[in-house]
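Hello,

Here is the structure we spoke about, for you to look over. My notes follow below it.

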Amino acid sequence: MKSHCVAQAVYTLISLYRQYTSLLGKMNSQEEDEVWQVIIGARVEMTSRQQEYLKLETTWMTAVGLSEMAAEAAYQTGADQPCITARNHIQLVKLQVQEVRQLSQKAETKLAEAQTEELRQKTQEEGDERPEPEPEPEAYLRED
């Protein structure tokens, strides 16, 4: 299913962020630029897969709606068994879509956590690079 491709793309991006975070302060600017190019590429891939999945989900939900109407029509004409079978399949599809949404939300949460950790680490790195202010010399106390 396409949703697994989306989740895989998100988890790839999470892995890249975590690797980048672990290398902060250990890379020169060229290496950092190269890593960011990979991260940007992974982000583009993830976004593309998410958009493709959303289109597929919309089509899928339209099909579910039509199937529900067909099941209702079957019930109205007295075809109880086909109606029950169709409704069972519809319920199964709805559960699968819900599982995919939960998987996607979990992946998005983990991505946000990885990005937050990267920012925290970067902020800490920048703070470590700033020279600490030198203490001001104490004024001599004179008794005149």
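The buried residues of α2 are Ile-39, Ala-42, Met-46, Tyr-53, Glu-57, Val-64, Ala-71 and Ala-74. Please keep in mind that this is a predicted model.

On the geometry of the helix: α2 covers residues 29-76, which is 48 residues. After α2 comes Gly-78, which has a positive phi, near 95°.

On the charged pairs: the count of salt bridges is five. Three of them are described here.

- Arg-101 and Glu-57 form a salt bridge at 2.8 Å, N to O. Arg-101 belongs to helix α3 (residues 80-129) and Glu-57 to helix α2, and the two are 44 residues apart. Glu-57 counts as buried because its relative accessibility, 12%, is under 20%, while Arg-101 is partly exposed at 34%.
- Glu-68 and Lys-94 form a salt bridge at 2.5 Å, N to O. Glu-68 sits in helix α2 and Lys-94 in helix α3, 26 residues apart. Glu-68 is partly exposed, at 31%, and Lys-94 is partly exposed, at 33%.
- Arg-87 and Glu-72 form a salt bridge at 2.5 Å, N to O. Arg-87 lies in α3 and Glu-72 in α2, so this pair ties together parts 15 residues apart in sequence. Arg-87 is partly exposed at 39%, and Glu-72 is partly exposed at 32%.

Regards

How values were computed. Residues are numbered from 1 along each chain as its sequence is written. This is a predicted model: local features need pLDDT of at least 70, side-chain atom pairs count only at pLDDT 80 or more; totals for chains, interfaces and linings use all residues. Side-chain values use heavy atoms; hydrogens and water are left out. Helices (H or I, at least four residues) and strands (E, at least two) are DSSP runs, numbered from the N terminus. The expected span of a helix is 1.5 Å times one less than its number of residues. Buried means under 20% relative accessible area, exposed over 50%, partly exposed in between (1.4 Å probe, protein chains only). A salt bridge is a side-chain nitrogen of Lys or Arg within 4 Å of a carboxyl oxygen of Asp or Glu.
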